Amino acid sequence: MRRLYFLNSALLGSGLIILSTTVSAAEWTRSASISAGAVYSDNVNLSSTGGESELTPTLTPSVSLHGKGGRARLDLTGALEINGQGGNNDSINPRLQADANAELYERVVFLDLNATATQNAIDPLNITGADNLSNRSNRTTTYSYKISPYLRSRLKGIADMELRYTYNELNHSENTVGDTSSDTFNLAINSGPEFADWSWGVNASDKTTDNDQGEVSQLSALDLRLGYQINRQWQVNGSVGTESNDFASVQSSRDGSSWDIGARWTPSARTSLDFGIGERFFGNTKRLSLSYRSKRSVLSASYTTELTDSTTLLSNQVVFLVTDPFGNPILNPVTGDPFFTVVDLPTIGISTFVDERLAVSYSLKGKRTTLTLNADMSDQTYQDSTREVSTMGLGATLRRTLSGTVSGDISLNWDQQEESGTGNRESDIWRLQAGVNRQLGQKTHLRFNYSFTDRSSNQSGQSYEENRLSLSLMHTL
């Protein structure tokens with residue numbers, strides 16, 4: 001695996017060199033900022049009995065770089081949280097979201113690059129804390145990079161073809177978490193405009209994932225899709241396929257045939273609904289995708305049933321949001337608050353599981369106030385054991401502009417996790433947060449934030465309460 005690491009690092013470096021020469025004539029926008037602050041906790045050890053208080057200083061420089069030319073694009077946001085906590089905790093925590101695309105040969109050869117760095121819970125069913133400033137070791141910094149060259153071809157309106165190879169590597173800062181790499185080949189052929197109301201497609205994929213303990217999993221699939229546009233609003237669609245998989249499993253089957261049938265409804269340019277049912281080797285599948293957008297509100301919902309693993313979900317993380325729910329660009333996604341630790345992903349490992357997931361989001365925007373509501377649910381059925389994990393979350397956030405220089409926000413979140421089969425762990429987390437921002441100048445603002453967390457668990461020593469106060473000063477350079 002180390003040989004592959006150096007080989008693909010060389011490929012990634014070569015891709016960056018090609019990209020830099022391609023975007024040399026691009027239009028660039030750059031920004032940088034630095035934030036200094038302090039965080040007070042009345043229970044820094046997240047202890048269930050007798051909390052210990054601590055004041056931690058923080059320093060967070062950040063940079064944002066965006067470039068777009070005729071044949072290339074680069075979007076990069078990075079930040080480095082430096083804290084004075086000491087001890088066994090990481091005093092430096094990086095955050096990175098970098099995406100790039102280049103057209104290497106006109107209309108034929110392309111290259112995608114992606115790199116991320118973020119902090120994740122190793123086992124989300126154990127105590128982690130909201131961010132990196134708690135004296136708990138249940139987290140790791142995950143570094144991911146992808147290099148994906150691909151070819152495109154258009155067959156005179158009859159079909160469009162894309163052949164893609166993706167190499168992805170995940171490395172973790174903690175030695176207790178295994179590093180992984182994957183190779184994915186994908187061939188997609190889709191119908192062109194000559195077919196008018198009819199649409200069809202062929203998709204073939206093969207993904208091999210291995211870790212540094214020598215464990216290997218392979219997922220291969222072939223799907224044939226067909227759709228018919230009945231009228232302007234309705235389309236019926238379906239697919240048939242087969243999959244051949246090789247991974248650790250105690251289930252009766254790991255591969256077999258698959259089918260799906262559904263429809264898409266688009267009553268207007270602002271509303272779309274896509275839904276369907278089907279079957280794969282592990283059982284019935286359901287899918288739903290809803291999108292509605294008006295001038296002041298946005299509603300989205302999705303329901304999926306997928307065969308996946310934690311390495312796939314980790315490599316697809318979005319570290320920094322670059323647009324708000326209404327599609328407006330977020331000029332500086334680094335707020336000055338401590339970096340949160342991602343706790344809503346599965347236990348890090350190579351285990352394959354069926355993930356049945358529902359996500360709903362609604363945003364309402366007024367002249368000075370924005371309300372956002374979120375709900376999510378996930379049922380994970382592991383294939384290599386009898387383990388099942390269920391998670392559920394609800395959240396509400398209210399943001400309001402109080403004056404020309406002052407704004408405030410308040411949020412309330414509830415998360416529940418349950419494990420059965422190989423364990424019997426349950427936890428509930430309530431978190432209340434309130435913050436105030438004050439603009440001190442054109443490039444400087446002050447933020448004060450309070451949060452309260454209450455975690456209850458059926459496991460000894462896994463419950464706690466914590467109050468947090470933080471003050472940060474951010475200056476844009």
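**Salt bridges, ring contacts and nonpolar cores**

The side chains of Arg73 and Asp75 meet in a salt bridge, with 2.7 Å from N to O; the term denotes a side-chain nitrogen of Lys or Arg within 4 Å of a carboxyl oxygen of Asp or Glu. Arg73 is partly exposed at a relative accessible area of 32%, and Asp75 is partly exposed at 27%. Here buried means under 20% relative accessible area, exposed over 50%, and partly exposed in between, with a 1.4 Å probe and protein chains only.

The model is predicted, so local features need pLDDT of at least 70 and side-chain atom pairs count only at pLDDT 80 or more, whereas totals for chains, interfaces and linings use all residues. Residues are numbered from 1 along each chain as its sequence is written, and side-chain values use heavy atoms, with hydrogens and water left out.

The structure holds 17 salt bridges. One of them joins the side chains of Arg468 and Asp131, at 2.7 Å from N to O. Arg468 belongs to strand 22 (residues 464–476) and Asp131 to the loop between strand 5 and strand 6, so this pair ties together parts that are 337 residues apart in sequence. Helices (H or I, at least four residues) and strands (E, at least two) are DSSP runs, numbered from the N terminus. Both Arg468 and Asp131 are buried.

Arg447 and Asp409 form another salt bridge, their closest N and O atoms being 3.0 Å apart. Because Arg447 lies in strand 21 (residues 444–457) and Asp409 in strand 19 (residues 406–420), the pair ties together parts that are 38 residues apart in sequence. Arg447 counts as buried at 6% relative accessibility, as does Asp409 at 13%.

A network of salt bridges links Asp112, Arg152, Glu162 and Arg164. The two arginines also have ring contacts. The charged end of Arg152 sits over the ring of Phe110, 5.2 Å from its centre, and the charged end of Arg164 sits over the ring of Tyr150, 3.8 Å from its centre. Such a contact requires NZ of Lys or CZ of Arg within 6 Å of the ring centre and within 35 degrees of the ring normal.

Rings of Phe, Tyr and Trp (its six-membered ring) pair if their centres lie within 6.5 Å; planes under 30 degrees apart count as stacked, over 60 as edge-to-face and the rest as tilted. Trp198 lies in strand 9 (residues 198–211) and Tyr228 in strand 10 (residues 216–229), so the pair ties together parts that are 30 residues apart in sequence. Trp198 is partly exposed at 46%, and Tyr228 is partly exposed at 30%.

Trp414 and Trp430 form a tilted aromatic pair, 6.2 Å centre to centre with 40 degrees between the planes. This pair links distant parts of the chain, with Trp414 in strand 19 and Trp430 in strand 20 (residues 426–439), 16 residues apart. Trp414 counts as buried at 15% relative accessibility, whereas Trp430 counts as partly exposed at 43%.

The largest nonpolar core has seven residues: Leu74, Ala100, Leu111, Leu113, Tyr145, Ile147 and Tyr167. Strand 5 (109–121) and strand 6 (139–154) are the elements that give two or more residues to this core. Apart from it lies another core of six residues, including Ile122, Val177, Leu345 and Ile348. A nonpolar core is a set of buried Ala, Val, Leu, Ile, Met, Phe, Trp, Tyr and Cys residues joined through side-chain atoms within 4.5 Å.
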